[in-house]
Amino acid sequence: MTLRRNALFSVAEVLLNGLGLFFIYKNVVSTLGVSLLGVWSLVLATTAFGRLADVGISAGLARFVAREQAKGEAGSPQSYIETGMLSVAAIMGVLTLLAYWPIYFALGIALHDQQLALAREIIPYALLTFWLLNINAVTAAALLGLHRADLRSISNICGMLVQVAASLALVKGFQLKGLAWAQTAQYVVAIGLSWTFVVRVGRTVPVLPTHFQRGLFKELLGFGTKLQVGTIANLLFEPTTKIIIGHIAGTAVLGLYELAYRMVYQVRGIAITALQNLVPAFANLKETDPAALGVLFRKTCRMAALVGAPIMAAVIAGAPLVSLIWIGTYNSDFTRLAALLSLCWAVNILAAPAYFLGMGTGEVNVSVGGQVVTGVLSPALGLGLGLAFGAYGAVCGVVVGKIIGDLAPAYANRPSRDLRSSALLYPPNMLALAFVGLVSATALYLAPSLGGIFGGLKRLATGS
């Protein structure tokens with residue numbers, strides 16, 4: 001019952017946050033243009049490099065909190081939460097202060113003149129958002145470990161509502177600064193609500209975390225360091241690929257890529273956020289009922305296939321309409337980008353149960369290896385194919401690299417040594433992937449001709 005409730009709230013969170021993001025980006029595109037959206041995307045992607053120094057504490061916190069709850073040791077989950085919060089706030093705070101000048105000069109690689117000046121103006125706000133994002137990750141992980149992902153979702157939904165209202169009010173007058181202020185407000189609200197919930201649910205957690213335990217920090221750090229190798233590689237994926245696409249194709253195409261990427265990624269979150277609730281469940285079953293672990297894993301794989309394939313196919317089919325609403329006209333490049341990215345993230349959804357199984361049981365080596373492959377291969381293929389074939393070559397290289405990396409945990413992370421229990425070989429997953437691949441190929445083929453169809457419909461509707 002808890003898993004179902006958490007999953008329902010997680011889906012609601014993704015849907016409402018996706019709707020909020022739609023209105024935010026629609027407002028930015030209509031007010032500032034696609035190119036400035038590309039500038040905003042590049043600044044945020046550059047600040048993400050700061051996660052290279054993250055020690056991975058928040059990534060593994062949910063597992064430890066859930067494990068201690070399963071053991072029934074009073075006060076232990078709360079000790080992990082306090083230690084995690086203090087550690088992340090301090091470490092990422094120092095990193096934020098040190099990151100300004102490297103980012104300042106890095107932006108000069110992809111931007112020039114007025115766009116570079118605008119990007120550099122919002123670096124402080126982007127860094128503040130980066131620090132708050134990391135603190136929010138701790139509160140979210142704490143609630144996930146306490147089996148209250150529903151409260152995490154409520155906090156994030158409220159934060160998004162604040163961001164939508166603030167961005168609509170501020171972007172016109174303050175441009176990218178207004179967008180940055182709105183995102184800062186989002187995280188402040190989400191953190192405040194999440195920590196309030198942690199204090200209420202955790203009971204012994206104080207309003208202000210003050211107890212740092214060196215032994216728990218070492219334990220969190222030891223597990224987090226393993227995850228951080230993969231996290232670093234995974235974080236390299238988005239900023240490096242966006243820098244490559246911006247360099248090869250310019251900020252206008254990067255703006256379209258950002259719109260398509262955010263649309264697909266947000267919809268992908270419907271499945272991923274719901275599946276993420278399984279980390280504490282897997283951790284609990286490993287301690288209390290190992291036999292049930294395989295049963296839950298198979299059910300999860302089936303759910304990933306039944307949910308992932310239809311929603312990714314729906315994104316591809318709906319991309320032309322989204323283009324009309326978001327951009328104001330049909331854009332075949334947007335449709336093609338959405339088709340390629342949907343195929344990429346469909347594989348990611350199908351591999352997610354295996355990834356979260358490894359997180360819950362503590363066996364993360366293959367998952368980390370897959371993320372390293374993605375972090376290295378995607379930029380390399382993107383640059384190589386981009387220089388040879390232009391913008392679409394770069395995007396195809398990025399997609400292929402990401403798919404290869406995601407296949408590693410899908411093959412290796414399984415509840416038993418039996419190869420047939422692998423998510424990669426699970427028949428529903430193979431059917432789901434073939435279906436999304438067919439829809440994606442169809443969209444790529446038809447995208448150029450849809451412009452004439454939509455143009456005719458527009459002339460018919462206007463009577464011209």
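Helices (H or I, at least four residues) and strands (E, at least two) are DSSP runs, numbered from the N terminus. The structure discussed here is a predicted model, in which local features need pLDDT of at least 70 and side-chain atom pairs count only at pLDDT 80 or more, while totals for chains, interfaces and linings use all residues. Residues are numbered from 1 along each chain as its sequence is written, and side-chain values use heavy atoms, with hydrogens and water left out.

Side chains of opposite charge can pair when their charged atoms come close. A salt bridge is a side-chain nitrogen of Lys or Arg within 4 Å of a carboxyl oxygen of Asp or Glu. By this rule the model holds four salt bridges. One of them joins Asp406 to Lys402, with 3.6 Å from N to O. Because Asp406 and Lys402 lie four residues apart in helix 16 (residues 391-412), about one helical turn separates them. Burial is judged by relative accessible area: under 20% is buried, over 50% exposed, and in between partly exposed (1.4 Å probe, protein chains only). Asp406 is buried at 8% relative accessibility, and Lys402 is buried at 5%.

Another salt bridge is formed by Glu258 and Lys242, at 2.6 Å from N to O. This pair links distant parts of the chain, since Glu258 belongs to helix 11 (residues 251-276) and Lys242 to helix 10 (residues 214-249), 16 residues apart. With a relative accessibility of 2%, Glu258 counts as buried; Lys242 is likewise buried, at 1%. Glu258 also meets Arg262 in a salt bridge of 3.0 Å, N to O. Glu258 and Arg262 are four residues apart in helix 11 and therefore separated by about one helical turn. Arg262 counts as buried at 18% relative accessibility.

Aromatic rings form a second set of pairs. Rings of Phe, Tyr and Trp (its six-membered ring) pair if their centres lie within 6.5 Å; planes under 30 degrees apart count as stacked, over 60 as edge-to-face and the rest as tilted. The whole structure contains 18 aromatic pairs. In one of them, the ring centres of Tyr257 and Tyr261 are 5.8 Å apart and the planes stand at 35°, so the pair is tilted. Tyr257 and Tyr261 are both buried. Elsewhere, ring pairs join Phe22, Phe23, Tyr25, Trp326 and Phe334 into a cluster.

The packing of helices comes next. Two packed helices are described by the angle between their axes and the distance between the axes. Axes are lines fitted to C-alpha atoms, for helices over the stretch in contact, and angles run from 0 to 180 degrees between N-to-C directions. The axes of helix 3 (residues 57-71) and helix 4 (residues 76-98) come within 8 Å and cross at roughly 170°. Helix 3 is therefore roughly antiparallel to helix 4, a description given to angles over 145 degrees, with those under 35 roughly parallel, 65 to 115 roughly perpendicular and the rest oblique.

Contact means heavy atoms within 4.5 Å. Residues of helix 3 including Ile57, Leu61 and Phe64 meet residues of helix 4, among them Tyr80 and Gly84. Leu220, found in helix 10, touches Ile57, Leu61, Phe64, Tyr80, Thr83 and Gly84, not counting residues up to four places away in sequence. Leu220 is buried, with a relative accessible area of 1%.
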